[in-house]
Amino acid sequence: MKQISIWDKFVAVSTYYTFGMTGIIWLIASMLIFKKQVTPFCLYHIYQSIFISVLLYVITWIFNFTFPFARAIPFVGEIFRIIELYLFNFPIFYTFSLFNLILFMILSYLSLGAIFGKLSYFPFISDVIRANFRN
């Protein structure tokens, strides 16, 4: 088994908390500046963070698009107002809403796996990455 460098672990962890931006920068820098291959470990975590970021963007866009329409419906609109209040706007832990807290916990779990040199698992996304990006 090949030893994973501390730099690869750093890139893998930082790419989750920057929603893939560190990974994209590292991919570009390694190809253009350093002229070396990115390790499969780094590629896995970079692609996974990018896919999670895109998924997060799509979910947020769907919520932002549907909630205003759902709030306009009589009786049901009150339920959606309460859901939106407690899910996105009400601080649960310091300034974290429930949605932010869940997202932070997921990113921390994935980063912890990267720190230990493991390929962290996120349902569906990890399966797609393993099937399409074999090294």
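Visitor: Let's start with F75: is it buried or exposed?
Guide: Buried means under 20% relative accessible area, exposed over 50%, and partly exposed is in between, using a 1.4 Å probe and protein chains only. F75 has a relative accessibility of 77%, so it counts as exposed.

Visitor: Before we go on, what kind of model is this?
Guide: Residues are numbered from 1 along each chain as its sequence is written, and side-chain values use heavy atoms, with hydrogens and water left out. Local features need pLDDT of at least 70 and side-chain atom pairs count only at pLDDT 80 or more, while totals for chains, interfaces and linings use all residues, because this is a predicted model.

Visitor: Where does F75 sit, and what is its phi?
Guide: F75 is in the loop between α3 and α4. Most residues other than glycine have a negative phi. F75 is not a glycine, yet its phi is positive, at about 65°.

Visitor: What about F124: which loop holds it, and what is its phi?
Guide: F124 lies in the loop between α5 and α6. With 62% relative accessibility, F124 counts as exposed. Its phi is positive too, although F124 is a residue other than glycine, and the value is near 70°.

Visitor: How many helices and strands does the chain have?
Guide: Helices (H or I, at least four residues) and strands (E, at least two) are DSSP runs, numbered from the N terminus. From that end the elements run α-α-α-α-α-α. The count comes to six helices and zero strands.

Visitor: What is the radius of gyration of the chain?
Guide: It is taken over C-alpha atoms, and the globule rule is 2.2 Å times the number of residues to the power 0.38. For 135 residues that rule gives 14 Å, and the chain is well over it, so the chain is more spread out than a compact globule. The C-alpha trace spans about 60 × 30 × 25 Å along its principal axes. The radius of gyration itself is 18 Å.

Visitor: Which residues touch the most other members of the largest nonpolar core?
Guide: A nonpolar core is a set of buried Ala, Val, Leu, Ile, Met, Phe, Trp, Tyr and Cys residues joined through side-chain atoms within 4.5 Å. The largest one has 15 residues, and those that touch the most other members are Y16, F41, I52, L110, A114, F122 and I125. The elements giving two or more residues to this core are α1 (6-17), α3, α5 and α6 (125-132).

Visitor: Which residues does the second, separate core include?
Guide: This second core has seven residues. Among them are V11, W26, L27 and L43.

Visitor: Is Q48 buried or exposed?
Guide: Q48 is found in helix α3 (residues 40-71). Taking contact as heavy atoms within 4.5 Å, and not counting residues up to four places away in sequence, Q48 touches Y16, L110, S120, F122, I125, S126 and I129. Its relative accessible area is 0%, so Q48 is buried.

Visitor: Which residue forms a salt bridge with R71?
Guide: A salt bridge is a side-chain nitrogen of Lys or Arg within 4 Å of a carboxyl oxygen of Asp or Glu, and the structure holds two. For R71 the closest N and O atoms are 3.3 Å apart, and the partner is E84. This pair links distant parts of the chain, 13 residues apart: R71 is in helix α3, and in helix α4 (residues 76-89) is E84.

Visitor: And what is the N to O distance between E78 and R81?
Guide: Both residues lie in helix α4, three residues apart, about one turn of the helix. E78 is partly exposed, with a relative accessible area of 45%. Their side chains meet in a salt bridge, N to O, at 2.7 Å.

Visitor: Which element supplies the largest share of the nonpolar patch?
Guide: Patches are made of residues with over 30% relative accessible area and no salt bridge, with like charges joined within 9 Å and nonpolar side chains (Val, Leu, Ile, Met, Phe, Trp, Tyr) within 5 Å. Accessible areas come from the Shrake-Rupley method with a 1.4 Å probe, and for residues only the protein chains shown count as cover. This patch has about 910 Å² of accessible area together, and its members include I82, F93 and I102. The largest share, three residues, comes from α4.
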